[in-house]
Amino acid sequence: MKRFLLSLTLALACAGTAQAQCFADYKAKKDAPLRLHYGVAQIGGACDARSAARELTPRLAASGWTLLQVQSVFGPEGLDQRKNSAGQYYLRF
Amino acid sequence: MPDNTTSASDIRRTGGRLVIAGVGGILALLIAAALLLFITLPDSRAFDARVEAMFIENADLTGQAEIKLLEILAQSGTAFADTLASYRLVIFVLLVFATGMMIAALVFLILLVGFNRRMAQIERAGIQVNSLLISREENTVYLNNLGFKLTDAAMETMSILAEARMDDDVLSGSEIEGMISGRSAADCEEAAGATRIKRLRDTLGNQIVSELLVKNIARRGYMLAVEKDVIKVL
């Protein structure tokens, strides 16, 4: 138990130091009838717009959405100000 | 010297060619108009694309209410596109009607030209018999509703000729004489039949010419029954 907790903290610390949490806000659509949404999603890979788009496209396509544009990438500090706008699409995909 | 004769078959052939060309031209016009109609009128996707572009271009259009409004905008565009589609159908139907009218007008125009030429030819050719009615009680023959009184003998000849014509037969003078007198044709003279024909021609010809050309106005005299302006003296 002690060892497990230790390894967990270690892993978390490693993850935290090696790669800060990365988020992206994006715009997506669905056709016929046209539906739009603005959402926030967590990015696992490199923290830039292009790789975020590459990562988000298949995730959104799985539920029928088409990625229109990745607005920006940001750290956890930017989450709060976008939470309201994203609504139900806040960290959904 | 130019060839100034036209035959009826000539007119029919050129008329047919004109009709085909005209109908083809009208159909081509219709198809071009329909294509233009279906290409230029925007479909519902055009509205969606415009709203989508608006959504992408404006970075701060991120609020939920704003996005909802954009969606409503796109939906109203789609509804408008539906009305456009019905307009398009109406316009197309009108186009089809207009084409039908144009084709009908063209065909009637060609027919009219044909009839005019034919009328001119008939006028030039003189009398053309459209109906021949033999009335035995009145001893009268009606040619195109012009009545001509005949003698009994001429009436017999006329009737025999008419019957023979209906059977597509040609009668010799002795056969005519034989039929009228009731003897066998071998016993009759050719000249007797020829005389009958001559008398028929004389009475009928006289009356036709007096009806069509030299008119007799009672107690006043005689005059030509033709228009003044068609007379030319060389």
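# A tour of chains B and A

Select strands β1, β2 and β3 of chain B: they form an open, antiparallel sheet in the order β1-β2-β3. Strands here are DSSP runs (E, at least two residues), helices are DSSP runs too (H or I, at least four residues), and both are numbered from the N terminus. Two strands pair if DSSP finds at least two bridges between them. In general, strands of a sheet pair through backbone hydrogen bonds, either parallel or antiparallel.

Now colour the edges, β1 (132-135) and β3 (146-149) of chain B. Each has a single partner strand, so one side of each is left without a neighbour in the sheet.

This is a predicted model: local features need pLDDT of at least 70, side-chain atom pairs count only at pLDDT 80 or more, and totals for chains, interfaces and linings use all residues. Residues are numbered from 1 along each chain as its sequence is written, while chains are lettered from A and ligands numbered from 1 in the order in which they are written.

**Stay in chain B.** Pick Leu132(B). Its bridge partner in β2(B) is Leu143(B).

Zoom out to the whole of chain B. It has six helices and five strands. Along the sequence they read α-α-α-β-β-β-α-α-α-β-β. How many of its 234 residues count as buried? The share is 11%. Buried means that 20 or more other C-beta atoms, placed from the backbone, lie within 10 Å of the residue's own; exposed means 12 or fewer, and partly exposed is in between.

**Move to the contact between the chains.** Select 15 residues from chain B and 14 residues from chain A. Two residues are in contact if their C-beta atoms, placed from the backbone, lie within 7 Å. On the chain B side, α2 (44-57) and α3 (64-125) each give two or more residues. The largest share, seven residues, comes from α3(B). By type, the chain B side divides into seven nonpolar, five polar and three charged. Nonpolar covers Ala, Val, Leu, Ile, Met, Phe, Trp, Tyr, Cys and Pro; charged covers Asp, Glu, Lys and Arg; the others, Gly among them, are polar.

**Finish in chain A.** Select β1 (residues 22-30): eight of its nine residues are buried. Show β2 (residues 35-43), which pairs antiparallel with β1(A) over nine bridges. Find Ala24(A), opposite Ala41(A) in β2(A). The two strands make a hairpin with four residues between them. In that turn, Ala32(A) has a positive phi of about 50°.
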